[in-house]
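The following note was prepared for a colleague who wishes to go through the model point by point. Please read it with the sequence and the coordinates at hand.

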Number of protein chains: 2
Amino acid sequence: MRPGPVEFWFDFISPYGYLASLRIDDLAARHGRDVQWHPLLVGVTVLRVMGLKPLMDTPLKKDYVPREIARYARRHGVTLRRAVHARPMNPLPAARALAWLRAHAPAHAKPFARAVFHAVWAEGGDVVERDELLACAAHSGTPDALIDQAIAASDAGALLRAEVQQAIGLGVFGSPFFIVDGEPFFGVDKLELLDEWLARGGW
Amino acid sequence: MRPGPVEFWFDFISPYGYLASLRIDDLAARHGRDVQWHPLLVGVTVLRVMGLKPLMDTPLKKDYVPREIARYARRHGVTLRRAVHARPMNPLPAARALAWLRAHAPAHAKPFARAVFHAVWAEGGDVVERDELLACAAHSGTPDALIDQAIAASDAGALLRAEVQQAIGLGVFGSPFFIVDGEPFFGVDKLELLDEWLARGGW
């Protein structure tokens with residue numbers, strides 16, 4: 001029996017989530033694992049549930065974070081064309097569309113999410129308006145009609161809320177966050193540890 | 001010329017700081033680097049300057065952190081005999097003594113700090129009262145007279161404040177925190193990255 005998937009949560013506004021998204025599928029595949037990509041809203045988990053401030057509104061951390069992200073990007077040969085802002089893009093339209101695709105056209109969910117991440121962080125664009133969502137759909141081979149259905153769907157918001165509530169119920173709070181076989185890993189810094197965990201079957 | 005040291009900041013109440021303290025000197029030595037151990041007070045940096053809550057008062061994170069720490073301890077064969085509490089030991093007496101030793105008897109600073117960390121996290125004791133500080137001195141070969149001087153010294157508090165202010169000026173905020181050749185690394189998760197940084201001479 002194929003072992004269970006790596007569950008991967010991220011917010012499109014999170015550069016750490018983007019950096020993790022570039023590595024997690026290859027990493028998991030080396031251990032015979034699939035990856036389930038789940039939208040998360042750190043505005044709900046970090047700000048509302050945890051009662052913390054946005055990273056970029058936090059003294060000291062706001063100076064450290066861009067430096068750490070740039071260093072990580074250099075290490076992995078990734079070019080970031082978007083600065084880490086205190087007031088980020090509104091992630092809701094893309095996250096709602098992803099939640100809807102996961103429920104109604106799951107084969108398109110991950111390619112679409114990759115395209116959104118790429119548009120936001122590799123190209124420095126926003127993915128908020130219909131034409132921006134459609135551009136991501138085009139890049140990922142997702143039919144326009146699906147995105148228009150997701151935008152118009154009355155259940156997209158509820159599906160996203162359900163994803164976020166389920167995540168919170170599992171103890172997920174940040175981006176990226178991983179759970180494999182019930183074991184939680186928070187942060188892009190944990191990818192090497194997760195790799196080791198999968199190789200050793202835990203410890 | 002010997003390359004500059006790794007600067008290492010920690011709070012005695014931080015289990016992540018303790019876990020890092022067990023590895024940092026060997027890691028740095030492999031790259032021909034010394035390590036300077038600096039007391040930090042996360043009650044000042046995290047709570048006052050950053051305006052955040054204690055980890056163990058933060059929803060979701062308070063459930064994750066003990067699990068992550070236990071997993072890390074298992075990975076490195078470390079036995080922790082102290083739970084991570086929302087209301088930790090008062091770190092001030094030990095931190096003041098360490099600041100005083102750094103200024104007046106620097107050869108004793110690191111052995112004393114190791115003994116404090118061991119008493120707190122490997123033995124589960126408090127290091128707050130004179131007899132507890134003296135027990136750490138005994139374990140580290142620090143003369144009792146030095147600890148009594150540190151306790152009585154009028155400048156110990158000022159020396160500690162100066163350490164913490166200098167750290168904040170350098171952008172240091174958490175425990176553990178490392179700076180090498182001007183490059184900052186936050187968190188015990190960064191030890192492998194720091195190792196790679198030192199091996200490659202940066203990137």
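How many bridges join strand 1 of chain A to strand 3 of chain A, and do these strands run parallel or antiparallel? The points below begin with that pairing and refer throughout to a predicted model.

1. Pairing of strands 1 and 3. In chain A, strand 1 (residues 6-10) and strand 3 (residues 177-180) are joined by four bridges and run antiparallel. Two of the facing positions may be inspected directly: V6(A) stands opposite V180(A), and the bridge partner of W9(A) is F177(A).

2. The sheet of chain A.

3. The hairpin of chain A. Strand 3 of chain A also pairs with strand 4 of chain A, in the antiparallel sense and over four bridges. Here F178(A) stands opposite F185(A) in strand 4 of chain A. The two strands form a hairpin with two residues between them, and D181(A) in the turn has a positive phi of about 50°.

4. Side-chain directions in strand 3. From strand 3 of chain A, F177(A) and I179(A) point one way, while F178(A) and V180(A) point the other way. Are these four residues buried or exposed? All of them are buried.

5. The packing of helices 5 and 9. Helix 5 (residues 92-104) of chain A packs against helix 9 (residues 156-169) of chain A at an angle of about 90°, and their axes are 8 Å apart. Helix 5 of chain A is therefore roughly perpendicular to helix 9 of chain A. On the side of helix 5, the contact is made by A95(A), R96(A), A97(A), A99(A), W100(A) and A103(A), which meet A156(A), G157(A), L159(A), L160(A) and E163(A) in helix 9 of chain A. By class, the residues of this contact comprise eight nonpolar, one polar and two charged.

6. The surroundings of L41(A). L41(A) is located in the loop between strand 2 and helix 3 (42-49) of chain A. Why does L41(A) count as buried? The reason is that L41(A) has 22 C-beta neighbours inside 10 Å, and the cut-off for a buried residue is 20 or more. Leaving aside residues up to four places away in sequence, L41(A) touches D11(A), P91(A), A95(A) and V164(A). One of these, A95(A), also takes part in the contact of helix 5 with helix 9 in chain A. From C-alpha to C-alpha, L41(A) and S14(A) are 9.6 Å apart in space, although 27 residues apart in sequence.

7. Backbone geometry to check. Most residues other than glycine have a negative phi, and most peptide bonds are trans. The peptide bond from S175(A) to P176(A) is cis, with omega near 5°, and P176(A) lies in the loop between helix 9 and strand 3 of chain A. In chain B, the bond from S175(B) to P176(B) is likewise cis, with omega near 0°. L60(A) has a positive phi near 70° and lies in the loop between helix 3 and helix 4 (61-75) of chain A; L60(A) is buried, because 20 other C-beta atoms lie within 10 Å. D181(B) has a positive phi near 50° and lies in the loop between strand 3 and strand 4 of chain B. With 14 C-beta neighbours inside 10 Å, D181(B) counts as partly exposed.

8. The relation between the chains. Chain B can be laid on chain A with an RMSD of 0.0 Å by a turn of 180° and a shift of 0.0 Å along the axis, which means that the two are related by a two-fold axis.

9. The interface. In the model, 25 residues of chain B are in contact with 24 residues of chain A. Which helix of chain B gives the most to the side that touches chain A? Helix 4 of chain B does, with six residues. The side of chain B that touches chain A contains eleven nonpolar, five polar and nine charged residues. Of the interface residues of chain B, 96% are also interface residues in chain A, so the copies meet through the same surface.

Technical notes: Residues numbered from 1 in each chain as written. Chains lettered and ligands numbered in written order. Predicted model: local features only at pLDDT ≥ 70, side-chain atom pairs only at ≥ 80, totals over all residues. Axes fitted to C-alpha atoms, helices over the stretch in contact; angles between N-to-C directions. Parallel < 35°, antiparallel > 145°, perpendicular 65-115°, else oblique. Contact = placed C-beta atoms within 7 Å. Nonpolar A, V, L, I, M, F, W, Y, C, P; charged D, E, K, R; others polar. Pairing = 2+ DSSP bridges. Buried ≥ 20, exposed ≤ 12 C-beta atoms within 10 Å, placed from the backbone. Least-squares fit on C-alpha atoms with pLDDT ≥ 70 in both.
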